[in-house]
Amino acid sequence: MKMSVLRSLVLILSALIFFVGTGLSQDSNGFWPLSGEFVAEGTYVGEGDVERGGKHVNDFDEIDSTLRLVLTPRTKLGVLRFGAEWQRFSFGLPEGAALPNTLQSFSTIIGLDMQFSDSIIVRAETQPGLYNTGLGHLFWDDFNMPFVIGGTYIFSPSLQLILGVSVNVERKYPVLPAAGVRWKIGQQWLLDAVLPTPRLQYEMTRNVSLYAGATVRDATFRVDDEFGDSHGIPRLNHAVITYSEVRTGAGFDWKISPIVTFTGEVGYQPYRDFDFYRAEVRYHQDGGAPYGTISLHGTF
């Protein structure tokens, strides 16, 4: 786990340095012919526990890393979304635990934002890619193509309503609907109640905002062909696993430059679930854990 943590931190740090350097050296996006958005994020979750049928997996920590870059050129059809994302969950599991130490995805991002009227905007986006336990175990079955379709209704400049649906054929429930609202309650208050990161935000200054909220994550992956045999549960060979978690916390957004925002967040993870649902093997939360997140994100 220590080497995995070191590699993740080095990669995230490299991305942070790149984005900070770019953001501080430019006051606008005039130097770059394309528009887009980016995220470089790292999260550490302290020691927690999960349980299955009286069998406990205790005191394991977690490192999450995310890198995303999406270009957003304008066309006659609307705003195209084309980019890539790497996401990795690394767990410091005790020896013999029937859970994967790593869950990882490499995916492209293909989407389109379309404006049908002054009040209605629709986004369709898919992420075809490999969703597995690492580069050492690549199979065609690792390929998946989850997608989302959502619409925003602009009721007024201070109130927008959001409705969408997420589709993932590898998930236990392939189709999941969602609804949310974005409401500017006052001059400094914003309720952004939209998954996966609903929050209540307070604009303290022009460049600094405070917030409290949650992060909800749900993703599916495939383990390797020998995973089940090596853990004494043969039906888990090359099985699909759904990893879900919920975090609740508070943090701040600091707008370093017009195109770069730094975010720091701390809180508690009350829910975590590893579900090999097709094999009927599920480890659910048995003890929460504190966490801390840092990220750089923005648009150019």
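Trainee: Is R123 buried, partly exposed or exposed, and what is its relative accessible area?

Mentor: This is a predicted model, and the values we discuss are computed from it. A residue counts as buried under 20% relative accessible area and as exposed over 50%, with partly exposed in between. R123 has a relative accessible area of 34%, so it is partly exposed.

Trainee: Which residue does the side chain of R123 meet in a salt bridge?

Mentor: A salt bridge requires a side-chain nitrogen of Lys or Arg within 4 Å of a carboxyl oxygen of Asp or Glu. The side chain of R123 meets that of D113, with 2.7 Å from N to O. Because R123 lies in strand β5 and D113 in strand β4 (residues 102-115), the pair ties together parts that are 10 residues apart in sequence. D113 has a relative accessibility of 16% and therefore counts as buried.

Trainee: How many salt bridges does a search of the whole structure find?

Mentor: The search finds 15 salt bridges. One of them joins the side chains of E85 and R68, at 2.5 Å from N to O. This pair links distant parts of the chain, since E85 is in strand β3 (residues 79-91) and R68 in strand β2 (residues 55-71), 17 residues apart. E85 is buried, with a relative accessible area of 10%, whereas R68, at 28%, counts as partly exposed.

Trainee: Which residues are linked in a network of salt bridges?

Mentor: The network links E41, E62, D64, R217, E245, R247 and R272.

Trainee: Let us turn to strands. How many bridges join strand β5 to strand β8, and in which sense do the two run?

Mentor: Strand β5 (residues 120-126) and strand β8 (residues 147-156) are joined by 7 bridges and run antiparallel. To follow such a pairing, one may look for residues that face each other across it. Here I120 stands opposite Y153 in β8.

Trainee: How many bridges does β8 share with strand β9?

Mentor: β8 pairs with strand β9 (residues 159-167) over 9 bridges, in the antiparallel sense. In this pairing I149 stands opposite V165 in β9. The two strands form a hairpin, with 2 residues between them.

Trainee: Which residues make the nonpolar surface patch?

Mentor: F116, I120, Y153, F155 and L161 make a nonpolar surface patch of about 520 Å². Y153 is found in strand β8 and, at 38% relative accessibility, counts as partly exposed. The C-alpha atom of Y153 is separated by 9.1 Å from that of D118, although the two residues are 35 residues apart along the chain. D118 is placed in the loop between β4 and β5 and is exposed, with a relative accessible area of 71%.

Trainee: Which residues form the negative surface patch?

Mentor: The negative patch is formed by D141, D225, E226 and D229. Of these, D225 has its place in the loop between β13 (208-222) and α2 (227-230). D225 counts as partly exposed, at 38% relative accessibility.

Trainee: Which two residues are joined by a cis peptide bond?

Mentor: The cis bond joins L195 and P196, with omega about 10 degrees. P196 is located in the loop between β11 (189-193) and β12 (199-203).

Notes:
Residues are numbered from 1 along each chain as its sequence is written. This is a predicted model: local features need pLDDT of at least 70, side-chain atom pairs count only at pLDDT 80 or more; totals for chains, interfaces and linings use all residues. Side-chain values use heavy atoms; hydrogens and water are left out. Two strands pair if DSSP finds at least two bridges between them. Helices (H or I, at least four residues) and strands (E, at least two) are DSSP runs, numbered from the N terminus. Patches are made of residues with over 30% relative accessible area and no salt bridge: like charges are joined within 9 Å, nonpolar side chains (Val, Leu, Ile, Met, Phe, Trp, Tyr) within 5 Å. Accessible areas come from the Shrake-Rupley method with a 1.4 Å probe; for residues, only the protein chains shown count as cover. Lys and Arg count as positive and Asp and Glu as negative; His and the chain ends are not counted. The place of a charge is taken as NZ of Lys, CZ of Arg, CG of Asp or CD of Glu. Buried means under 20% relative accessible area, exposed over 50%, partly exposed in between (1.4 Å probe, protein chains only).
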